[in-house]
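Here are my notes on the model, point by point. Please keep the structure open while you read.

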Amino acid sequence: MLKIIVPTMMLIPSTCLTATKNTWLSPTAYSAVIIILGMLVLNPGDTLMNTTGLLLGSDQISTPLLMLSCWLLPLMFMASQSSMSHNPAQQKRLFITALALLQLALMLVFMALDLMLFYTTFEATLIPTLMVIARWGSQTERLGAGLYFLLYTITSSMPLLIALLWVYNMKGTASITLLQLLPPMTLTFWTNTLLWTSLMLAFLVKIPIYGLHLWLPKAHVEAPIAGSMVLAAILLKLGGYGLLRITNLLTEQTTSSYILPLAVALWGALMTGMVCLRQTDLKSLIAYSSVSHMGLMTSSILTHNQLAPSGSMIMMVAHGLTSSMLFCLANINYERTHSRTLLLTQGVQLTAPAMTSWWLLACLTNMALPPTINFIGELTLMVSLFDWADITIFLTGLSAFITSFYTLHMFSSTQQGTLPTHIITMSPTQTREHLLMTLHSAPSIALIFMPQLMYCQ
Amino acid sequence: MADSSRLKGVGYKPLVGVSLPRTLDPAEYQQSEQTRQQQAERLAIRARLKLQYQLKLNDPHRQGLIEDPAMLRWTYARTNVYPHFRPTLKTSIMGLLWGVGPIVFWTYVFLARRVRENDWIFW
């Protein structure tokens, strides 16, 4: 575990000490090496925990997400190069430092075996993200967006802290490995409900679930590209990861308090899909599509079904790559037209036909087209929900239909249509951008051939 | 210039969703001098704005976007719906119909299914 934590920590001084002409090259190459080191902690096998101590270990739930976050770091650096080019060198280094700190916190979250370490690093991911959103976003609304993001998550995780401390008090241990083996507590109805609610609430807000999702469109739209990428790809999955851990820990504590969040998440998947159809802002559309996909995942995890962890792992990795790719594509448009409004950025198929093929690939994977891993994940989640209650097929089927509807609407609004007359310079696409798209789509295409890397038995 | 007596018997009516064109409206040909002057002033303002836009559009030294304040207001309005939300009768009914209602409905459906399958009482 230290073999990836210490290099990520050392990324910060090495960035500050490299020459200014290598400001982006050096951290990108460095974080690419960290990806290779990260593969050494991959645990696709059957063992419960690959651990070297009491605090850090990896599991079949945490390893795909860890790999995803390692994979995204060089991609974030590559994507931010052009938008940060006018900043002085010290600010570029500060940006890279913020992202490296975020990466460090994310690694510790996914590898944490101790509930207190998990909680601390869960909260610690908020600060670098807030720095990135509020300092380097492009509109004035970024301050409100950062505030919404921070306060929603912190307020909902206060009950989480209390519940985790209470569990530690009751059970005598805060270790995830040990807590799975202890017998359940006999609690009264309201104590049980309160325990479940306070444990689930923080993760439900983070995922986000439909009623508490207001921070997400703001944060995604106002963040710079690296912030959007990491938010959509990883920080949302923190909520899913936490929910999976909690449902694993407390399987025996029977409760029916999970049915309300399940219904909210499932209805929310449908509602946010329909909201997507009426969005005028491209990044806002992609943000609401994230809420929709994550709503399906939330409801599946809450059924405590056997298939739910596998489906949600595949969905998390697939959605992370796809959403990040869509945000990169939206940023490529934004850098050229400086506008996110769909009406003003249409017709780019004429100016950048190579990007159109990447747009098509991203939209097809977003729609969960077979045989992509998005399809496998979505199908697994739908099957697990159907197994739980067959009437959910109406909601999941409708939401899958609406997903394809708004995704194709997004594709045709950006690519086809008349090119706006007031845009006179669209600089050609750069190799860096094509490399970015390749590195986003190559893992998801490769995983089509071996999805069992992400299945949990 | 059409003769107003010629249009009187014809009876053009506006269709559903489409307003009557100004040239087919008999009242257009009976406007007073003051309304004609106001129409001319508004036309002058519109023409001036169009000229300013055309100048910016065809300016050879322009490098970026043309900043359109109407577009800015429109995008601001489309993105900032929640801070200006006001609970009225219509919005409350919409909220109940599309938000609270379906969630209560689906929660009840799922609970009923679980109770029936597991032979439980729900706690």
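1. Start with the surface of chain B. Its accessible area is about 10,600 Å², and carbon and sulfur atoms account for 61% of that. Keep in mind that this is a predicted model. Of the 123 residues in chain B, 12% count as buried.

2. The fold of chain B is quick to describe. The chain has four helices and zero strands. Read from the N terminus, the order of elements is α-α-α-α.

3. Which residues form the nonpolar patch on the surface? They are Met274(A), Leu89(B), Ile93(B), Met94(B), Leu97(B) and Trp98(B). Together they present about 620 Å² of accessible area. Helix H4 of chain B, residues 89-118, gives the largest share, with five residues. Met274(A) belongs to chain A.

4. Look at Leu89(B) within that patch. Leu89(B) sits in helix H4 of chain B. Is Leu89(B) buried or exposed? Its relative accessibility is 67%, so Leu89(B) counts as exposed, the cut-off being over 50%.

5. Thr91(B) also lies in helix H4 of chain B. Thr91(B) is partly exposed, at 26% relative accessible area. Beyond its neighbours within four places in sequence, Thr91(B) contacts Phe85(B) and Arg86(B). Thr91(B) and Ile66(B) are 25 residues apart in sequence, and their C-alpha atoms are 36 Å apart in space.

6. Now chain A, from helix H1. This helix covers residues 2-17, 16 residues in all. From first C-alpha to last, H1(A) reaches 23 Å, close to the expected 22 Å at 1.5 Å a residue. There is a bend in H1(A) of about 30° at Leu11(A). A proline, Pro13(A), follows within four residues.

7. What does the buried side of the story look like for H1(A)? Its buried residues are Ile4(A), Ile5(A), Pro7(A), Thr8(A), Leu11(A), Ile12(A) and Thr15(A). An α-helix has 3.6 residues a turn, so residues three or four places apart point the same way.

8. Helix H18 of chain A spans residues 392-415 and has 24 residues. Its first and last C-alpha atoms are 35 Å apart, close to the 34 Å expected at 1.5 Å a residue. Gly417(A) follows H18(A) and has a positive phi, near 105°.

9. Check the cis peptide bonds. One runs from Ile207(A) to Pro208(A), with omega near -10°. Pro208(A) is in the loop between helix H9 (189-206) and helix H10 (215-222) of chain A. Another joins Pro370(A) and Pro371(A), with omega about 0°. Pro371(A) is in the loop between helix H16 (353-366) and helix H17 (373-388) of chain A.

10. Positive phi values deserve a look too. His304(A), which is not a glycine, has phi near 55°. His304(A) sits in the loop between helix H13 (282-302) and helix H14 (308-337) of chain A. His304(A) is partly exposed, with a relative accessible area of 30%. Ala368(A), also not a glycine, has a positive phi of about 60°. Its place is the loop between H16 and H17 of chain A. Is Ala368(A) buried or exposed? Its relative accessible area is 12%, under the 20% cut-off, so Ala368(A) is buried.

Terms used:
Residues numbered from 1 in each chain as written. Chains lettered and ligands numbered in written order. Predicted model: local features only at pLDDT ≥ 70, side-chain atom pairs only at ≥ 80, totals over all residues. Heavy atoms only, no water. Patch = residues over 30% accessible without salt bridge, like charges linked within 9 Å, V, L, I, M, F, W, Y side chains within 5 Å. Areas by Shrake-Rupley, 256 points an atom, 1.4 Å probe, with all protein chains shown as cover. Salt bridge = Lys/Arg side-chain N within 4 Å of Asp/Glu carboxyl O. Helix = DSSP H or I, 4+ residues; strand = E, 2+ residues; numbered from the N terminus. Buried < 20%, exposed > 50% of the residue type's maximum accessible area, 1.4 Å probe, protein only. Expected span 1.5 Å × (residues − 1). Bend = angle between axes of the 7 residues up to and from the residue. Contact = heavy atoms within 4.5 Å.
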